[in-house]
Each structure stands twice: as C-alpha cells, then as structure tokens.
Amino acid sequence: MSAPEDLVITGGAPIRGRLRLPGCKGISHRALLFGAIAEGDSRVRGLASGQDVRSTARALVALGVTVHDIDGTTTVAGRGFDGLVEPSTVLDCGNSATTMRMLTGLLAGRPFLSVLTGDASLVERPMARVAAPLRTMGARIDGRHDGERAPLVVRGGALTATSIRLPAASGQVKTALVLAALQAAGTTEIVEPAPSRDHTERMLVASGAPIQRIDDRSLRVTGGAPTPFDLDVPGDPSSAAFFVVAAVITPGSELLLEDVLLNPGRIEFVEVLQRMGAHIELHQRDTRLGEPVGDIAVTSGPLGATVVDCHEAIIDEVPALAVAAAFADGVTEFREAAEMRVKETDRIATLEQELSKLGVGVEARPDAMTVRGGAPRRATFDSHGDHRIARAAAVAASAFDGESRIIGWRAAAVSYPAFADDLARLTGSGT
Ligand code: S3P
C-alpha cells in the first residue's frame, strides 16, 4: 500500500472504536532473520506492513532465503546459517537502520562478501556502534568515514567468542552481536550499561537457540541456531503510542487497541502518559514466543507536564509524547535525549520546528528539549521525510477543528502505510 505525497486531515472528531494495529516492526524484522537462520519453514502471520520490514525480507531473498506471502501469512524457508549464499547485488536497506545493523552481525560470520547500503538518511547514520564491537570478534567491516558510515563492506569469516561491554544500550547492536555470536565457537558474553529492548532474547529462548539471560543487561550466547517457529505478530506498540496520544488529546475519544505487544521495554510511554494524567488501561491476554500481548484502552482527558528520560525503552515514542506535551498544561522536559539527534532525522531539530508551528514554546538543547504546552493552534506541517514526525503531525492535526496539511506524508509508508486510513475510520471520516 502506498501513502499519498501530502495528507490533509480534517480534525476535531473524537476517536472512537477498536483497532488492530499492523504487526510490531521490531518483532517482524527479528521473525524474518531468525526464521532465515533456522532450518525449516517458519510461519509468521501479520508481519509489519511497511517498507522497513520489506527491506529485511528483500535482503534475505538476496542471500538465498525463500520468503513468500500468502493471505497475510509469510513463510520463511530457513536454510540455517550455512545455507545463506553470497549476494550478487548490493543489499539495499532503504531507510531501515535495524535492517542494516542486524544484517551486519549476521553477515560478519558468513564466508563471503556483502555490501550494504541505504537511502540518503541511512547512509548518514552511525554504524561504528555496530562495527566496532563486531570487530572485537574478528569481523572485517569497512565503510565510508573510516568504517563508520554506509555503504558497508562486510568480508565475513570465522568469528571468535569473546566478552563485550557495550558503551550504550541498543537493541539493534545487541541483536547484531547475538547473530554473530551464534556463529562463533565458544561462549560470547554481551553486557550493556542499561537494559535495551529484549525481543531477541525472548524470541530466541522461546525458539530453542543457545542463549542464556544472566540479568536484564547481560547475556551469554554459544554457537547454534533457533528452530523454526509459528508466530502471530502482535500489534506495534510504537504505532499504538500515536493513536493513544491522539485519543487522549481529542475530547470525547474512547479507543480500544487490540492485540498489542505489551513488552515492558516497549510500553513505557503508557506510564509517562499516565503520569501526565491520561486514562489508559492495559489488559494482558496472551504470551507469544515469549512476548506479552494484550489490549490498551484509552479515553480522552486533560494532561499535565512531566519529565521524560529518553532512554532506549521510549526513544521511538518521543515524537508522540512531544505532541502530548504540546497539549499539556505546563513545561514538559525531555532529557538525556542525545540519541534523538541520530534517528531517521535529527528529531530534536525536526520536532522543534514542527511543534513551534503550533504556537507552543519549544527549547532545544544538544541533548534535551522542553515543550511549554497550553493552547496549540492548527498549522501546515512537514514530515522532513521521517515516518514518526509525519505521524506526530497527524496526531496533532486530528485534535484541531478544520483542515491541516502534512507535507511529505509519504514518509509514513516506511512503517505504517495505512495509518491515515485507520485514523479516518476511527473518526468517522473514512470511506
Ligand atoms: C530497535 C532498537 C532501537 C529503536 C529502533 C529499533 C530494535 O534502536 O530505536 O527503532 O528493533 O532493536 P537502538 O538499537 O539504536 O537503541
């Protein structure tokens, strides 16, 4: 499904009803990768619909894996690590840093050469964070800027198990290292300074891979692979955040998001919004491949300001929370936010620009941002080519009476092409 170049939203109507969100992007990337290194067919229903996950699937096909989709069920015909073949083309990761970083770990251990590139945003994003720890295992990775930027050249080969202390918590880097460690002889220990999202551990433990969690920031991995699995991908919590904020700030709203991933490392935005006074309830209903799944119920109401530490568990939800802050009474502070500057866009800069158009006070610092909320007003927004900035703008627009335009809406297709259609259906303005 494609998204229009620009989008006009007629806001003001309450957001009411139920919604099943597209599958979680983080789980979808991993389901494809882990399915590819298992020997046999894994079946994945409800894979994330955007271009990012398609980039991972395309790269795996170029590595010789058969991935096919029938009626919403994707079958990954895994060939084990040894079944992967040298790609005859450059692997284009599009806009997806997750694809590039995780694949780099996988390919570091394969006995062939791979070249990875991406779009104009991705080739400017930091890759040393994944290349440097992989090099301590013996990986040969080169790239622009002395190996720090894509295109990356990975000359795969034998890897050595070692003990790695990461300088920053990162779900992507940890996953790259796990994929490398599964190919190394011996035991690799990975220690992070703080917890990062743990889908990799949960999914690999549940599918029988030799990975052992020591505590919430360290794990041990020995050589081996997962076994094939069946998975219904739960709804994406990062996409949920945008609908939750839209419902909270649009009077008269009452929304139920069904079958959402409720991993504690992904739903901290709920706690932040509850602290701001929002009425949100979580109901866990299931566990799938080690992941808690359930519903999120939300009703509209006034918000107050808060302080948000922008660590890994919440970093992707800051654009949605920044809109909530614009509608809240008082000054909300987003701190420890330096990582925001190296996302799909410099999100401190792009949020500062877009929120300022609402007439609210925004102050940006190198690693922080404050938003003085109050009485925001309608505006014409720009996505800056960033899917989450596009959706943050749509959420603000949905709360105002009358029409607002979002220039560059097309960027939303990276992760959730049908977002505008789903929003329109819930406000009664859809077809
Ligand atoms: C992700 C981890 C986070 C997140 C990204 C997806 C993952 O990035 O921002 O969108 O799936 O592991 P970092 O690994 O850079 O923290």
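Val323, Leu351, Glu354, Leu355, Leu358, Phe381, Ile389, Ala392, Ala393 and Ala396 line the largest cavity. A cavity here is a set of points, on a 1 Å grid over the protein atoms alone, where a 1.4 Å probe fits but cannot get out, and lining residues have an atom within 4 Å of a point. This is a predicted model, in which local features need pLDDT of at least 70 and side-chain atom pairs count only at pLDDT 80 or more, while totals for chains, interfaces and linings use all residues. Residues are numbered from 1 along each chain, and side-chain values use heavy atoms, without hydrogens and water.

The largest cavity holds about 60 Å³ of space. Helix H11 (347-356) and helix H12 (387-399) each give two or more residues to its lining, and H12 gives the most, with four. By class, the lining has nine nonpolar residues, no polar ones and one charged residue.

The whole structure has two cavities of 30 Å³ or more.

No disulfide (a pair of cysteine sulfur atoms within 2.5 Å) is found anywhere in the structure. The sulfur of cysteine 24 has its closest cysteine sulfur in cysteine 93, 19 Å away, which is too far for a bond.

Note on methods. 1 Å grid on protein atoms, 1.4 Å probe; cavity = no way out; pocket = protein on both sides within 12 Å on 5 of 7 lines; lining within 4 Å. Points joined across faces, edges and corners; volume = space filled by probe spheres on them. Nonpolar A, V, L, I, M, F, W, Y, C, P; charged D, E, K, R; others polar.
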